[in-house]
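Please look over the sequence and the model shown here. A report on the fold, the contacts and the surface follows.

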Amino acid sequence: MAVKMEEKVYKTMNGAGAMCIAVGVVILVTGIVCGTLAIIGGSKLIAGKSKILF
């Protein structure tokens, strides 16, 4: 009986670890994309500020 429980725990931990790695990769890619878009947007705003008339 103890072997079955250890096997279940092992499989559960394996699945949870794989899921955490996958979520981490998605968060990393999303963060890089968002950071890049923010830099591009900010540079466009700074470049276009001379065109604003008050």
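## Salt bridge and overall form

Lys11 and Glu7 are joined by a salt bridge in which the closest N and O atoms are 3.6 Å apart. The term salt bridge stands for a side-chain nitrogen of Lys or Arg within 4 Å of a carboxyl oxygen of Asp or Glu. One salt bridge is found in a search of the whole structure. The two residues, Lys11 and Glu7, both sit in helix H1, four residues apart, which is about one turn of the helix.

This is a predicted model, in which local features need pLDDT of at least 70 and side-chain atom pairs count only at pLDDT 80 or more, while totals for chains, interfaces and linings use all residues. Residues are numbered from 1 along each chain as its sequence is written, and side-chain values use heavy atoms, with hydrogens and water left out.

The protein chain contains one helix and zero strands. Helices (H or I, at least four residues) and strands (E, at least two) are DSSP runs, numbered from the N terminus. The C-alpha trace spans about 80 × 15 × 5 Å along its principal axes. The radius of gyration of the protein chain is 23 Å, whereas a compact globule of 54 residues would have one near 10 Å. That radius is taken over C-alpha atoms, and the globule rule is 2.2 Å times the number of residues to the power 0.38.

Ile52 is in the segment after helix H1 (2-48).

## Exposure

Of the 54 residues of the protein chain, 0% count as buried. Buried means under 20% relative accessible area, exposed over 50%, and partly exposed in between (1.4 Å probe, protein chains only).

| Residue | Relative accessible area | Class |
|---|---|---|
| Lys11 | 55% | exposed |
| Cys20 | 53% | exposed |
| Ile52 | 48% | partly exposed |
| Cys34 | 46% | partly exposed |
| Val33 | 43% | partly exposed |
| Glu7 | 39% | partly exposed |

A search of the whole structure finds zero disulfides, a disulfide being a pair of cysteine sulfur atoms within 2.5 Å.

The protein chain exposes about 5100 Å², and carbon and sulfur atoms supply 78% of this area. Accessible areas come from the Shrake-Rupley method with a 1.4 Å probe; for residues, only the protein chains shown count as cover.

Val33 is placed in helix H1. Together with Ile21, Val25, Val29 and Leu37, Val33 forms a nonpolar surface patch with about 470 Å² of accessible area. Patches are made of residues with over 30% relative accessible area and no salt bridge: like charges are joined within 9 Å, nonpolar side chains (Val, Leu, Ile, Met, Phe, Trp, Tyr) within 5 Å.
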